[in-house]
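Hi,

Here is the structure I promised to pass on. Have a look at it first, and then read my notes below.

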Protein chains: 2
Amino acid sequence: MDSFGVALLGCGTVGNAVARLLLEESDRLAGQAGRRIELRHILTRNPSRVRPFQPPAALLTTDWQRILADPQVGAVIELTGGEQPPLDWLRTALMAGKDIITANKALLARHGETLFALAREQGRVIAFEASVAGGIPLIRSLTQGLAANQVESIKAILNGTSNFILTQMTEKHWSYEQALAEAQAKGLAEADPSLDVNGTDTAQKLAILARLAFGALIADQDIECRGIAGMDQTDLLFASEMGCVIKLLAEAWLSEGRLALHVEPTLIRRHEPLAEVRGPFNAVEIVGDVVGHTFFYGLGAGALPTASAVLSDLIDLVQGGAKYHFLHASWVRPAQRLPRRTAHEIESRFYLRLNVLEKTGVLAEVDGILAHHGVGIASVVQHEEREQSRVPLVIMTHNANLGSFRQAVRQLCDLPCVADEPTYYPIAD
Amino acid sequence: MDSFGVALLGCGTVGNAVARLLLEESDRLAGQAGRRIELRHILTRNPSRVRPFQPPAALLTTDWQRILADPQVGAVIELTGGEQPPLDWLRTALMAGKDIITANKALLARHGETLFALAREQGRVIAFEASVAGGIPLIRSLTQGLAANQVESIKAILNGTSNFILTQMTEKHWSYEQALAEAQAKGLAEADPSLDVNGTDTAQKLAILARLAFGALIADQDIECRGIAGMDQTDLLFASEMGCVIKLLAEAWLSEGRLALHVEPTLIRRHEPLAEVRGPFNAVEIVGDVVGHTFFYGLGAGALPTASAVLSDLIDLVQGGAKYHFLHASWVRPAQRLPRRTAHEIESRFYLRLNVLEKTGVLAEVDGILAHHGVGIASVVQHEEREQSRVPLVIMTHNANLGSFRQAVRQLCDLPCVADEPTYYPIAD
């Protein structure tokens, strides 16, 4: 049988690892795929750059048209990231009858519908296991392994950079800035880490999961989203005192036909599986109506875990199975515009930190406002503070309505005894 | 498009749940599979038995030949368990051109090679996601999601009954007998629980995983195996004192081309993901050379988690993808008779409990024998015991050679100060 030709778009961290494995582990891959896989081109802006793995110079090209015109290229593997030019490359590749493997969550979250419609029209596959939680075979688990289930909820840690930073802050009592610098030094955060730490990356991944799990058509920009940028270490210490850790949690759940979803730093009780996810790991908890609770854990980012997902897609594509999971089984089913839950339809417990000026009657004032909005206090911590006139007052609430809770917080801001903007995070069940 | 006809073999706990879902959730399943699925027969020994879900009487039959002769039956779903008659049913079904879905790990562990060879000959599929850890899409994760990896090791909790019993013993300080009775009362253990608690069920599942992950052809009877039957609560208390829990762990790892595998109660440090697996849950930790650490968690047994796996296989079969995962991708690859590691090639830390007679010099004698076999002591616990003449002496060793450690234990048995048979378990890294 002829070999199966592929082209790699991008030769950054992940692309470089994929190139190395395609060339160095070609026997293993041929054994798994049942056919030899030939890397024919690597598209890169800078062919002369020195790389950790140096691919043969003849493979490197800056010319997309040359790849597009090569009839031996059966699939392109897109690992550049960003919306353009990848969108144009993938469109033209599909039109030229080539299959696609991509790790580009931004592209899928924003242009997935049009790309998948085009793939269906052309009878081609877009495989995207690597786009969410690379080291976890999550896309297959959702679309195949749990196919008999109505998914009820997803709770996930999807950004390795943020989780690494929060782990350092929690365990080493570092400031946000120190932990971010460490992540950058370790190659776990980019020079501009904003998409990771402001929650955008997590929201894009959640949009993809919500599409697969609920058929929900949601732009990542429409997901309520707070990241961990500038998080105050004080809150991690108080959370710890209360038996919790704080994680950047993506949540989506369906209830009475209405969908709620958000990305937020969230308190999780220690010993819960999600609380134990440390460093650059990702984890996903999925509840299905038939299967019950499931939990998946693995490295979420980095060259090798992502390469593992890319190559498993490639093996699947060469074997012939990929068209069943990726073309028939998931994205291309008609999407629904599911009604969304409003803040007044969401219940949660909350962690609330107020910096208050020490004077008598503060607690009564605060409790009065919370009670007025139907928010009950479950526990309070305020430590004696001899040096300063303003002290943190930390409250864990009982289950409360998100909308009412926010109104209460706004009203608390107006109290003369409340010094700064209050900080609050939900507490996971 | 015509509907896809299936027959169910067995209408016990799992079969009954599958029948109910096939009939009550037929719209959902048709939506996922792209084609209606018609349950045409249910093979049962006792059609008149009253069941939690009562299928239409016309579906129930005791006549396998009637099912075999029905050309509308595209697949049979085997949920009876045991080796015979299922082996004959599945053979004849394959010969008649029907695909197979099975949860029968004993059958696969013992007759998998012949059954899969026959399936290949006939161009049919044997789908078996439900055979190991039903609530975890583990078979697909191994054969597809991690396809680009050389698996390096598997550590797994695969028997929900044993894990439930150990959890009760640990958390409620119950005896083995009390915990087993509770498992039986909850329907988590059969009237004869031997295959669960003596480790056989776990060994059969490990044989299947080892075949998929390493291509290793191993009879479950050839896997060194100890179960939890009759476990002494004393050891759970000492383990806890030492920051560990005891789990019935299945392990397989490949090192220098040689495979080691065993099923044994094993000490795991608290906070390790596997240590936190409680009650009837299963969990699997897989390390791949590309992906690194992964961890999967879900309900291992019970009607609904197993039904979820069975129906995901069925959806996959009807969509057309199953032949790629189950026919081309896994079992049917040539098996290897991998060389096995001997006890003298396996290193581990050990937990060792001796009941010793209180007299001077005991520790010196014990340490002398251990040291003679190259086994170093990492920690010792012996509590003051006023009432009894024999007291437990608990030792955690440094890394030691399994073969030498066993020789040391045999020699310890001969010491006059050692009262009963020593108890020992490995400690997971």
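Before the notes, one definition: a residue is called buried if 20 or more other C-beta atoms lie within 10 Å of its own. Keep in mind, too, that this is a predicted model.

By that cut-off, 53% of the 429 residues of chain A count as buried. The C-alpha atoms of chain A fill a box of roughly 80 × 45 × 35 Å along the principal axes. As for secondary structure, chain A has 15 helices and 17 strands.

**The parallel sheet in chain A**

Now find the open sheet of 6 strands in chain A, which has the order E3-E2-E1-E4-E5-E6 and parallel pairing. Strands E3 (60-61) and E6 (126-127) of chain A each have a single partner strand, so one side of each is left without a neighbour in the sheet. Further in, strand E1 (residues 4-9) of chain A pairs with strand E2 (residues 37-43) of chain A over 6 bridges, and there Ala7(A) has His41(A) as its bridge partner.

What does E5(A) pair with? Strand E4 (residues 73-78) of chain A runs parallel to E5(A), and 4 bridges join them; in that pairing Val76(A) stands opposite Ile100(A). To get from E4(A) to E5(A), the chain goes through helix H4 (residues 86-95) of chain A, in a right-handed β-α-β crossover. E5(A) is also joined to E6(A), again in parallel, by 2 bridges, with Ile101(A) opposite Ala127(A).

**Chain B**

Chain B also has an open sheet of 6 strands, in the order E3-E2-E1-E4-E5-E6, with parallel pairing. Its edge strands are E3 (60-61) and E6 (126-127) of chain B, each pairing on one side only. Strands E4 (residues 73-78) and E5 (residues 99-102) of chain B run parallel, joined by 4 bridges, and Ala75(B) stands opposite Asp99(B).

**Where the chains meet**

The contact takes 46 residues from chain A and 46 residues from chain B. Which element of chain B gives the most to the side that touches chain A? That is H12(B), with 9 residues. Other elements giving two or more residues to that side include helix H2 (26-33), helix H6 (138-145) and helix H13 (322-328) of chain B. The residues on this side of chain B divide into 21 nonpolar, 21 polar and 4 charged.

A strand pairing also crosses between the chains: strand E12 (residues 292-299) of chain A pairs with E12(B) in the antiparallel sense over 5 bridges. Look for Phe296(A) there, which stands opposite Phe296(B).

Cheers

Technical notes
Residues are numbered from 1 along each chain as its sequence is written. Chains are lettered from A and ligands numbered from 1 in the order in which they are written. This is a predicted model: local features need pLDDT of at least 70, side-chain atom pairs count only at pLDDT 80 or more; totals for chains, interfaces and linings use all residues. Two strands pair if DSSP finds at least two bridges between them. A residue is buried if 20 or more other C-beta atoms lie within 10 Å of its own, exposed if 12 or fewer, and partly exposed in between; C-beta atoms are placed from the backbone. Two residues are in contact if their C-beta atoms, placed from the backbone, lie within 7 Å. Ala, Val, Leu, Ile, Met, Phe, Trp, Tyr, Cys and Pro count as nonpolar, Asp, Glu, Lys and Arg as charged, and the others, Gly among them, as polar. A crossover is right-handed if, with the strands pointing away from the viewer, the path from the first strand over the helix to the second runs clockwise.
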